[in-house]
Amino acid sequence: MSDRIEAAVSRYRSELDARRTYTALETAQEGISLLDENGEFTYVNQVYADNYGYEREEMLGRHWETIYPDDETDQVHEEILPEVHEAGHWRGQTTGLRADGTTFPEQHSLTETEDGGLVCVVRDISERKERERDLELFQTLIDHSTDSVFVFDPGTGDVLDVNDTACRKLDYSREGLLDRSVIDFQDDLSDPAEWRSFVDDLRAEGRTTFDGIHRRRDGTTFPVEVNATYVELDRGYVLAMARDVTDRRRRERRLRESEQRHRTLAEHFPNGLVTLFDHDLEYTLAAGQGFADIPVEPADLEGESFYDVWPAALCDALEPAVLGTLEGEERSVDVSYAGREWVLHAVPITDDRGDVFAGMTMAQDITERKEYQRRLEETIDRLEESNERLEQFAYAASHDLQEPLRMVSSYLQLIESRYGDALDADGEEFLEYAIDGADRMREMIDALLTYSRVETRGDPLEPVDLEAVLADVREDLRLPIAESDAAVTVDSLPRVRGDASQLRQVFQNLLSNAIEYSGDDPPRIHVAAERESDDRADGPRDPGRWVVSVSDEGMGIESADQERIFEVFERLHSREEYDGTGIGLALCQRIVERHDGEIRVESTPGEGSTFSVVLPAADE
C-alpha cells in the first residue's frame, strides 16, 4: 500500500513540476523554444512566436533555419552549433528573420539537452540597439561640439564625464580629466566650499550662466562663458557647457579701443559732426565741434533713434545715405540745417571679416566754403568780363590806334620824299627816328593783340605732329639760317596735343632767338624730345607729357634775368643791338600755359641756353 502511495505522490510531484515549468515558460518575458535533435521546433511560447511574427502552431515542426537570414545560417552551422556541442551552451547576438521578411537584432542563448536537442531563449533588443545608437550619436555630437562639456558630481565636484573638446582645450587626456575635480581647472571655483555654495544655488535655480576662467594643465588660463544645469536622474548631476571666449573678448576689446579712438577723433573733429549708429539706426556715438552751431547736443543723440532726433525733412534727405552704409555703400549728400550748409559723408564700418556692423556719418560745415565758392564764381565772371573788355580794347588798339599810326607813317614818308633834299643832316636823322618809332609802335600793338587773343582765338587742341611743325618753322627761317650760317639739328619728335598754329609761333620764336643771340660764332642749335620723368625734385609729374628742348651755344642769360625774360615788353638788350618787341617769350609762355604745359630755361652766360617746352602727349 505504501509503495502505491509513494508512486502516486511521485507522479503528482512530477506533474506539479511540469505545470510549474510550463507556467514559467508561458509567462516568461523572453521568447523560449525547444528544438529536437533534427533542429525542428517541438515547443515555442507566445513571446517567441510573436518575435518572429508567426502563430505558435505554425512554428512547430519547422526547422530553425526558417527564422534566420540566409547569410547567417552558415555562421550558425560553422561557429555557434560547434561551440554549443562542445561547451553545452552559447550566448551572443544574432539576427532574427520575421515571417514578413523583416529582421531584428536579438540576444540569443542556446543550451544543449540530454537527448541532443536545444533550449533557445531569445530577447528582441531592437529598442536597446536604438537607444545605443542614439547614445552613440549623442556622444559623437557632444565630442564634436565646439564647447567643452562636463558632467560633475554635485557633492565632490569630481569629473564624471567630458567630451573631446574639453580634453583638447585643457590639454588633458580623457582619463586624466576623469581623475580630476572641478577645482583643478575652474579658477573661480577653486575651493570645495565655493563649489558646494555654487551647487546649492544651482539646485535652487535649476540653471545659470556666468563668466569664468579655465586653467590648462600647464597653468595658463583662458576666459570662458559657462552654462550650468542641475539634472536629477537616478541621482543628481551638474551638467556644464563652457565656451572659450578668448577671440570674442579680443574682438570686444578691439571694438572698445576702436570706439574710444573714434570718440577721441570725433570729439576733435573740426567744424563738423561725427556719429556712429547700429543696424537699428540707434546712435552709439555723437561728437564734434560742429555741435556748437546746431540746437542739439551729443547727449541728445546717443541711445536715440535716427528718426527721433532729426526733423522729418532732414531725415528724408539723409535716409538713403544712412541706410546705404548698412548695405556696405559709401554716399555723400548736401543738406541745409540750422541755418548752415553741410556736406554729409556716410560710410560703413566693418569687422575683421569684412561684415558691416555699424555705420558712420561725418558732416562738415561748408557754409563759409559755399560763400567763398559763390564769391569765387562771381570773381571769375568779372574776370571773364574783364578779359572780354581787354580783347575789345586790343581790337580797338589794333584798329583805331593803327589808323592814325599809318597816317603818321604815310606823312613822314611823304615829307621824306618831297622835302628830304631840303633837310640838313640833323633833320634827316630826326625824320628817320620818327618813322622808326611809328613802325615800332605798330609792331608792338600787333604783338599785344596776338598776346591778348591766345585764349580766345586759338584753334581746338588736337594731335599735332611736332616734326611737321619744326619743318615749317625751318622753312620760314630759311633766310636767317642761311645768312647766319646756322646749323640746326632735330631729333625724332613726338605727337602732342595742341594747337598747331600756336605751337608754330612758339618754336619759331625760340629758333629765331637762338639764331639772333648766338654771339660772334655761327649758331649751333639742337632740338630734342624726351618723355617727362616722374622723379623730378619738385614733385611727381604726369608721365603722359613730352619735354621738347631747344638748345644753343650762344650768349646765354644771367641767372637773375632768367625769370624776367618771360614778362611782357621785357628786353635784356637795346633795340639798337637786337630787333624785337620784347613780347616774344611772354607770348610763348602764354601759349604753352594754354596747353596745360610749362616753359623753362637753363642757361650759363657765354655757354648757351636750353629752353624746355613741356606739352601733353597725344592720345595713342
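**Exercise 1.** Which side chain meets that of Arg203 in a salt bridge?

*Solution.* The model is predicted.
Step 1. A salt bridge needs a side-chain nitrogen of Lys or Arg within 4 Å of a carboxyl oxygen of Asp or Glu.
Step 2. The side chain of Asp200 meets that of Arg203 at 3.4 Å, N to O.
Step 3. Both residues belong to helix α8 (residues 192-205), where they sit three residues apart, or about one helical turn.
Step 4. Arg203 has a relative accessibility of 42% and counts as partly exposed; Asp200, at 46%, is partly exposed.

**Exercise 2.** Find the parts of the chain that the salt bridge between Glu532 and Arg545 ties together.

*Solution.* 
Step 1. The closest N and O atoms of Glu532 and Arg545 are 3.1 Å apart.
Step 2. Glu532 and Arg545 are buried, which means a relative accessible area under 20%.

**Exercise 3.** Describe how strand β19 (residues 524-531) pairs with strands β17 and β20.

*Solution.* 
Step 1. Strand β17 (residues 487-490) runs parallel to β19, and four bridges join them. Ala487 has Arg524 in β19 as its bridge partner.
Step 2. Strand β20 (residues 545-552) pairs with β19 in the antiparallel sense, over seven bridges. Here Ala528 stands opposite Ser549 of β20.

**Exercise 4.** In the hairpin of β8 and β9, locate the residue with a positive phi near 95°.

*Solution.* 
Step 1. Strands β8 (residues 207-215) and β9 (residues 221-232) are antiparallel and share nine bridges.

Conventions:
Residues numbered from 1 in each chain as written. Predicted model: local features only at pLDDT ≥ 70, side-chain atom pairs only at ≥ 80, totals over all residues. Heavy atoms only, no water. Pairing = 2+ DSSP bridges. Helix = DSSP H or I, 4+ residues; strand = E, 2+ residues; numbered from the N terminus. Buried < 20%, exposed > 50% of the residue type's maximum accessible area, 1.4 Å probe, protein only.
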